[in-house]
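Student: I'd like to learn how to read helix packing in a model. Can we walk through one together?

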Amino acid sequence: MNAKTKLTIFHIHRKDGSSLFLHPFSDSEVLLKLDDGYEIVGLYGNEPRVESLTMLRNDLYRLIELSVKRWMNDIKFIPRFIISAASFLLIYLVASFIIRDPIPIIDELLLSFGGGLAVFFILSKKDQNSEKSSKKRLSLRLVMDKIVFEEDEFVKEVEEILHIHESTDKISILNSLVNSYENSFVNSNLDDMKQLVAYLDKYFTGKIYKKRIDNLNDTEKEKLSKWAEENKIDLSLFVVYKKLKERVSK
């Protein structure tokens, strides 16, 4: 029997009591591949509140809806386009015989385009409510409903380090970014660390401050501290991310 592929959802408890869930399911390709060959595990340090788990479930359901909708649009686009184009031509031919006006073609084209577009959207709506779409949506929801969260020492350490930085000023946080992190996450599960780093890679992707902080020097700390405050930059989480990334690369 083949081993199941493990995917992890991390619940990170912030110092202010809020919850941050990190997972790979914002990627539609990952979400749509879920089946019995995958094992999804939820890990936490401080136990999440019931309302936080409810929020996560609703968010996962929303991602399922969006992913299934895109999936159906992709696999049904060509048939819908062909049928809509045929409808356009049929309406145009019929209208050409019925409509008599001094300026030919314009009315017929407008009517045909509107008809073809209407057919396209009607078929799209039908596809979204089809049996195939419903089965896919249901199967993914069932996978999500089986997720069980458990306490984990690695996530506890992540939260402890995060809370330390959330309790200090931004200059101290920026100072910690240029320090070595050799003593962090020494006894943690390497696979879990790699998954969390991968999630945080995506979390910080596109953030313009990433390159600035990666090239941090002492003369820029004051300027970056003010800039981070004005732009509500999550420096505390970024420090944890840098520590994890350095630990994984060793």
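Predicted model: local features only at pLDDT ≥ 70, side-chain atom pairs only at ≥ 80, totals over all residues.

Student: How many helices and strands does the protein have, and what pattern do they follow along the sequence?

Tutor: There are 10 helices and four strands. In sequence order they run β-β-α-β-α-α-α-β-α-α-α-α-α-α. As for contacts between residues at least 6 apart in sequence, 81% of them join residues at least 24 apart.

Student: Okay, on to packing. What describes two packed helices?

Tutor: The angle between their axes, plus the distance between those axes. Here, take helix 2 (residues 50–98) and helix 4 (residues 131–145): the angle is about 150 degrees and the axes sit 10 Å apart. That makes the two helices roughly antiparallel, because angles over 145 degrees get that label.

Student: Is the crossing of helix 2 and helix 4 left-handed or right-handed?

Tutor: Right-handed.

Student: Which residues meet where helix 2 packs on helix 4?

Tutor: From helix 2 you have Arg57, Leu60, Tyr61, Ile64, Glu65, Val68, Trp71, Met72 and Ile75. Helix 4 brings Lys132, Ser133, Lys136, Arg137, Leu140, Arg141, Met144 and Asp145 to the contact.

Student: How does the contact of helix 2 with helix 4 split by class?

Tutor: Nine of its residues are nonpolar, seven are charged and one is polar.

Methods:
Residues numbered from 1 in each chain as written. Heavy atoms only, no water. Axes fitted to C-alpha atoms, helices over the stretch in contact; angles between N-to-C directions. Parallel < 35°, antiparallel > 145°, perpendicular 65-115°, else oblique. Left-handed = near helix turned anticlockwise from the far one by under 90°. Contact = heavy atoms within 4.5 Å. Nonpolar A, V, L, I, M, F, W, Y, C, P; charged D, E, K, R; others polar.
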